[in-house]
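Let's walk through this one as a set of quick questions and answers. Have the sequence and the coordinates open while you read.

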Amino acid sequence: MVQIKDLKSLSREEVYRFVADHGLPKYRADQLLHWIYERYVADLQEITEFSKTLRSELANLAFISNLELRKHQRSRDGTEKFLFSLADRQTIESVLIADKDRLTLCISSQAGCAMGCSFCLTGDIGFIRNLKAHEIVDQIIAVNRRMAPRRATNIVLMGMGEPLANFDEVVEALWRITGLMGISKRRVTLSTSGLVPKMLELPKRAPDINLAVSLNATTDEVRSRIMPINRTYPIRELMNACRRYPLKPRRRITFEYVLIGGVNDSLADATRLVKLLRGIPCKVNLIAYNPGGQGSMKRPSAEAVQAFQKTIADSNLTVLVRESKGQDILAACGQLKAHYGKGAR
Ligand code: SAH
Ligand code: SF4
């Protein structure tokens, strides 16, 4: 018996092979890819370019899978959160943030996360499973389809999970996002907690996408306490990898720094941060800690945030205090926990 194939689970090459195996001309593969990744069809029957006969022939061989939207919330500030359920009923979240004419979609790369950062709700969940490439990409397709004719202009892998811990599927997803969906590499950013070997491999496998590094502390003592990954790849190794990271002209690495009251928000930290970043083309995103986890961490005071920002700006680094949007619907950084853990609905 022939197995019915989910076309979305196939790579481009596999779609070509599928078409060839069934005696169809090569251009049928291009048409399928176009309708799936640019027209966002949810079903083969929507491919109106194909005759009815061809559509029903194909339906015996293949189908198009779709993430199921289980919940959609809109924050007072306009931020939207989407809870999707996967074929095995696991759940993930994506967040859409509007800022002037920019529409940034923050997508997940894993259900849960194994990294265990103490300030992050996704870390609280622990690791559930890696997402397949199509489950990563389908978050964009589902949201874009819903808000047509608008489309996300920027994609950030900053939702649930550590993307570099799911390297192969993330690389394939990045390829589909930039190669098949036509989203410019300049508008795609991968954020990592600092898996150094994979960070160095990334530009070879997915060149020219933007890199963001969650630094979050300036001493190994503090960083190891709040980000266990630091025990494996301490700050010095991480910064060396950043220095070696190949960047195109005018491109920069983004350093994310979650300011936690009394933990990493002192002026001494700000000064050390400036030193660490010396010689790296970069910008700094400061994020005030969003509460919600099990731990007893505090938000930084407004004065501490301002003083920290000033120290960095005074040394001629680009620094931005990132507003945490969508807090009222638990859509802000570090607040994604889908349907897992305590308080799951
Ligand atoms: N795992 C990747 C990407 C997802 S986390 C990473 O760690 O980079 C996305 C960002 O949210 C990271 O920069 C992380 O430091 C930040 N973050 C996590 N918990 C947070 C919290 N409670 N408040 C503010 N930012 C948080
Ligand atoms: Fe994982 Fe990133 Fe959260 Fe750390 S901050 S637990 S790496 S999702």
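A quick definition before we start: two strands count as paired if DSSP finds at least two bridges between them. Also keep in mind that this is a predicted model.

Q: In the pairing of strand E3 with strand E4, which residue of E4 does lysine 71 stand opposite?
A: Strand E3 covers residues 68–74 and strand E4 covers residues 80–85, and they pair in the antiparallel sense over six bridges. Look across from lysine 71 into E4 and you land on leucine 83.

Q: Which glycine takes a positive phi in the hairpin of E3 and E4?
A: That hairpin has five residues between the strands. One residue there has a positive phi near 95°, and that is glycine 78.

Q: How does the radius of gyration of the chain sit against the globule rule?
A: Start with the inventory: eleven helices and 14 strands. For 345 residues the globule rule gives 20 Å, and the chain is close to that, so it is as compact as a globular protein of that length. The radius of gyration itself is 21 Å.

Q: What share of the residues in the chain is buried?
A: Buried here means under 20% relative accessible area. Out of the 345 residues, the buried ones make up 53%.

Q: Is isoleucine 136 buried or exposed?
A: You'll find isoleucine 136 in helix H5, residues 133–146. Beyond its neighbours within four places in sequence, its contacts include Leu131, Leu157, Val170 and Ala173. The cut-off for buried is under 20%. Isoleucine 136 has 0% relative accessibility, so it counts as buried.

Q: How far apart in space are isoleucine 136 and isoleucine 107, C-alpha to C-alpha?
A: Ile107 is among the contacts of isoleucine 136. The two are 29 residues apart in sequence. In space, C-alpha to C-alpha, the separation is 7.0 Å.

Q: Which residues of strand E9 point the other way from Asn154 and Val156?
A: In a regular strand the side chains alternate between the two faces of the sheet. In E9, residues 154–157, Asn154 and Val156 point one way, and all four residues named for this strand are buried. Pointing the other way are Ile155 and Leu157.

Q: In E10, what is the bridge partner of valine 156?
A: E9 pairs in the parallel sense over three bridges with strand E6, residues 102–106, where cysteine 106 stands opposite valine 156. E9 also pairs with strand E10, residues 188–192, in the parallel sense over three bridges. In E10, the partner of valine 156 is threonine 189.

Methods: Residues are numbered from 1 along each chain as its sequence is written. Chains are lettered from A and ligands numbered from 1 in the order in which they are written. This is a predicted model: local features need pLDDT of at least 70, side-chain atom pairs count only at pLDDT 80 or more; totals for chains, interfaces and linings use all residues. Side-chain values use heavy atoms; hydrogens and water are left out. Helices (H or I, at least four residues) and strands (E, at least two) are DSSP runs, numbered from the N terminus. The radius of gyration is taken over C-alpha atoms; the globule rule is 2.2 Å times the number of residues to the power 0.38. Buried means under 20% relative accessible area, exposed over 50%, partly exposed in between (1.4 Å probe, protein chains only). Contact means heavy atoms within 4.5 Å.
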